[in-house]
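Thank you all for making the time this morning.

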Amino acid sequence: QLYAGQDIRRQPLNTEALNSTSFAGMQQVFQNSFTPASNAAIFIAGAIETEALKPLIARWIASIPAGPASSRIPRPDDRPKAAIKETISFGKETASHAAIVFHDNYAGDEQARFELGVLTDVLRMILRESIREDKGGTYSIYAGYGTASYPDPRYRLQIVFSSSAEKIAELTGAIYETIETLKAQGIPEDVIERVRETQLRDHETNLRNNSWWLNSLAHAWDR
């Protein structure tokens with residue numbers, strides 16, 4: 001709820017929600033959303049023999065009924081409009097977990113998405129070294145991002161870390177200080193070079209990965 005307000009698609013699953021559903025209702029939602037298949041895009045990646053694939057497409061994909069394109073179901077924009085700080089107490093562990101989340105709209109094109117990925121890699125590298133290794137105050141720290149295209153292109157960048165409860169405030173302040181330093185002074189050249197080398201190695205691996213091709217094609221189409 002802190003992240004998504006009342007958007008039902010992103011609420012925690014609980015017994016009450018499950019009891020309020022029915023197979024018939026779920027089937028109706030599926031049919032309304034995904035049939036007919038006029039606005040569907042189907043991607044196939046892998047070591048494919050085109051001639052062997054054609055009869056399978058004709059039988060299983062081309063036979064799907066066509067018709068007027070189904071419309072998207074509206075989604076509320078319940079993202080927080082101002083900074084939120086919330087503490088949730090549960091469990092018996094002495095460790096605490098914290099998340100710092102930034103979100104906003106963005107251009108949504110491939111260049112903007114690439115730059116967001118680079119920024120996330122930079123944060124992941126710098127925070128791991130400055131917060132975990134230099135300060136030694138956190139058990140783990142991670143930075144990641146996600147994007148969505150509908151209803152408007154948007155991103156969410158999240159920094160997650162764990163430490164003892166008494167160190168959370170100090171480490172949170174150090175993370176914000178690191179971000180402000182990057183904003184004021186820019187990214188050090190040696191960090192840019194290390195991120196570039198890492199991304200080149202990842203890209204070489206991804207080119208051989210079917211799921212990477214599928215995700216890339218689907219994202220480009222969805223734009």
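Let me begin with a term that will come back several times: a residue is called buried when its relative accessible area is under 20%, exposed when it is over 50%, and partly exposed in between, with a 1.4 Å probe and the protein chains only. What you are looking at is a predicted model, in which local features need pLDDT of at least 70 and side-chain atom pairs count only at pLDDT 80 or more, while totals for chains, interfaces and linings use all residues. Residues are numbered from 1 along each chain as its sequence is written, and the side-chain values use heavy atoms, with hydrogens and water left out.

Strand β3, residues 154–164, runs antiparallel to β1, residues 95–105, and eleven bridges join the two. Nine bridges join β3 to β2, residues 140–148, again in an antiparallel arrangement, and β2 and β3 form a hairpin with five residues between them.

As a general remark, nonpolar side chains in soluble globular proteins tend to be buried together.

Next come the salt bridges, each being a side-chain nitrogen of Lys or Arg within 4 Å of a carboxyl oxygen of Asp or Glu. How many does a search of the whole structure find? It finds seven. In one of them, Asp121 meets Arg124 with the closest N and O atoms 2.7 Å apart; these two residues are three apart in helix α4, so about one helical turn separates them, and Arg124 is partly exposed at 23% relative accessibility. Another joins Lys167 to Glu170 at 3.2 Å, N to O, where Lys167 is partly exposed with a relative accessible area of 22% and Glu170 is partly exposed with 42%. A further pair is Glu180 and Lys183, at 3.3 Å between the closest N and O atoms, and here Glu180 is partly exposed at 42%, whereas Lys183 counts as exposed at 61%. Finally, Glu129, Asp190 and Arg194 are linked in a network of salt bridges.

I will close with the second largest pocket. A pocket, on a 1 Å grid over the protein atoms alone, is an open set of points where a 1.4 Å probe fits, with protein on both sides within 12 Å along at least five of seven lines, and its lining residues have an atom within 4 Å of a point. This one is lined by 23 residues, of which Phe114, Tyr145, Gln199, Asn206 and Trp212 lie nearest its centre. The elements giving two or more residues to that lining are α4, α6 and α7.

Conventions:
Helix = DSSP H or I, 4+ residues; strand = E, 2+ residues; numbered from the N terminus. Pairing = 2+ DSSP bridges.
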